[in-house]
Amino acid sequence: MTVTFTVTVSDDKGATSSASQEVVIKRKVNSVTLTGVVTDKPIANAQVVVQAASAQAQVSASSEGQYTATLIVDESEADRPVVVTATGVDAQSQVEFVSVLHSVARLEQQAGEDGILDKSEHFGVNVTNVTTAEYALMTRTGTTIESDAQLEQALLNVDADEQLTLASLIKIVVDNDEYNLPEGVNTTLDLIDDEQTPQAFEDELNAADPQLIAQTKKSIKSDDDLIAAPDTSLEGDFIVQSVKYADLPPYHISLNEAGSGSVSAINTVEIDSWVQEQNTVTITLKQPLHVSTKWHRDYSVNPPMRSKHMVYVDVIKLTVLAENTVFRTVDIDELGQTVIEGDNAGTQVHQVSYTSNLINKLKMAQVTPESLQGVWYLDLSDADEESQKSAPQRFEFKADGQVIALDDPDDELSWQLTDNTLTVNYREGDVTGSISFWFTKKLDTGYQVVSLDLSVPQWPNTEFGLMIAAQPDLALTEETAAGRWHGLIGRTEQFDIDLFETGKVHYNLSKTRATWYIKDGELYRDYYSSTHWPRVEDCQLGDPDCILDARYKYQLVAVSGNERYVIQTFENYNSKGELFFTRANLFVYQYSDTIAQREFYHRNLEDKQQLWVYDAEQGWQEVLFGTGITPQNADTPNQGEAGYQLSLQGATYPVALRAGKLAFTKGEEAHFVELLDYDAQKIQVCVCGRQRLSAS
């Protein structure tokens, strides 16, 4: 901008003189030049937009997907992250890739004296299926990324294995002419920006070619334009965890420069040696690491078989595939043995491989002492099914460093926060010790946490779970409880509970014996059995011919949008109606006041569903779908995908789930069962090409 300054002077006789001077005022800016490639396979002539806040640069990539763009931002916006968006043209118009980099100010430093940033300095200049998957996982929940700190916090929500899976779905569509985007999905970003669409597409791919996704992942891992395998030293303190699921056991790894260290799971063992060759670290342990104990029960035989499986690991190999400022993506190979006690006692070789996050303990979710003050619910589990899980507990963290155990006020507790590590010192009777917590994932109302307590060796050293800030004065009513409760968010188990206004309860579309009601602001779901024949159809509280078998109770402790955080207590009763078992957990449900479903999910097929359909000529006929079905015809083919079957009109067919429909073959003709409607009385479906059925 040019500004002209004019000065006029006059003397005492009225004479004047003027002089002007032009001054060019330049704004203070930051700039960086990005040079990279838009690729999955190269996206020819992609349209590339580089943006930070209001500043933007647009360029076209070459026929090989190469691009160079210079972004100039005002100094007031130099701390805003850079977002690179690339869209394909012509035959690749369905391609929409995104990469999020750090701020221009930070990228300037990384670029060095020439001001040009390439993939050796920041791999995010390559705009790929992998960076797009990262972006989708960071932003699915509406996370705002307006600073470097927010970017690093958002990266904690990225599960490494899920990122590679989503990247593989994109690559299959872009690279393979045999596969197209699902109906209604317009771009590769649309394919993965929610949870349901990529899961349905993954099911389709697995049905067509069970090895395709695994092969595509392998291809991605070997493509140095898609991921970079760093060979920097792995010395440091880490947590291995799949952050997508709070119920998958993590473990701690500490590697020091002397080639020693320790690993903690159920127990803690010293490292005999660790050796790094380029991007692969092999850890040899002095003693076996106890990673899990699980009870296995086989009810398919009589009498049922019961055995305890204890897994021990001797060698851990970490292959670093990629890294960002928060975590490394690693392939993990475990070698050890499984010790079996009980039925079929003995030992088996334990050899598993998987992809996970290797999270630097210094790069956990950012917390402050002020943000931790208040009342919190803490629910921890461990990987040892021999240990007895405690119910969720309430703690009040006070500004003076005290912790009040609201459910056990006799305990003496104190807390401190150092480098994002929360340390709680405790005295419980004669036992004293300290437990450290790391915040591995930020939730809307709290954190996903991993802990380590070495004070009492016989206790499981590593625990994991949720720490949720309590919200006061929450209560459920019949109006706010009726609807669909989808669980469990952040856990491997998935199901739907439908609470109808009539008091009826359906589980994964199937009618149950349960009734529900509200008492003192809490939701109850009761299961009763009848003591007489014919059985009472609708057993409920107070009926003399009914005995309570089981009860689920839900206490609402926090709400965020459509997510509900509840203390769920399960109670089991014997034939006399006497309580003999109870268990409590802090779970997260997704709630909708509307019960609606227009497609089948895998969870609807995990058990046998029994319905009845009316035929004008033959009357009421049984319809079965799911698993565990006894064939109605002797020449029934093998069970379908995952053992799914359909019994319809006197015949049984193997079934596969295709785009939310049940696919089967009758004679030489392909048929589909489409879900049209569903309520407390019936499921309405269409057998495509045949008559419409209404089952109840």
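This is a predicted model: local features need pLDDT of at least 70, side-chain atom pairs count only at pLDDT 80 or more; totals for chains, interfaces and linings use all residues.
Helix α4, running over residues 160-175, and helix α6, covering residues 196-208, have axes that come within 11 Å and cross at roughly 65°. The crossing of α4 past α6 is left-handed. On the α4 side, the contact is built from T165, L166, L169, I172 and V173, while α6 brings P198, F201, E202 and L205.

As for L34, leaving aside residues up to four places away in sequence, its contacts are V50, Y67, T68, A69, V82, V84, L107, L117 and V125.

Side chains of opposite charge can pair when their charged atoms come close. In this model, the count of salt bridges comes to 24. One of them joins K286 to E270, with the closest N and O atoms 3.1 Å apart. Since K286 sits in strand β15 (residues 280-298) and E270 in strand β14 (residues 268-277), the pair ties together parts that are 16 residues apart in sequence. Both ends are partly exposed: K286 has a relative accessible area of 45%, and E270 has 46%.

A second salt bridge links E323 with R328, at 3.4 Å from N to O. Here E323 is partly exposed, at 38% relative accessible area, whereas R328 is buried, at 13%.

The pair D526 and R551 also meets in a salt bridge, with 2.8 Å between N and O. D526 belongs to strand β31 (residues 522-530) and R551 to strand β32 (residues 546-560), so this bridge ties together parts 25 residues apart in sequence. D526 is buried, with a relative accessible area of 0%, and R551 counts as buried too, at 15%.

Finally, some salt bridges join up into a network, and its members are R484, D496, D498 and R603.

How values were computed
Residues are numbered from 1 along each chain as its sequence is written. Side-chain values use heavy atoms; hydrogens and water are left out. Axes are lines fitted to C-alpha atoms, for helices over the stretch in contact, and angles run from 0 to 180 degrees between N-to-C directions. Helices (H or I, at least four residues) and strands (E, at least two) are DSSP runs, numbered from the N terminus. A crossing is left-handed if the near helix is turned anticlockwise from the far one by less than a right angle, and right-handed if clockwise. Contact means heavy atoms within 4.5 Å. A salt bridge is a side-chain nitrogen of Lys or Arg within 4 Å of a carboxyl oxygen of Asp or Glu. Buried means under 20% relative accessible area, exposed over 50%, partly exposed in between (1.4 Å probe, protein chains only).
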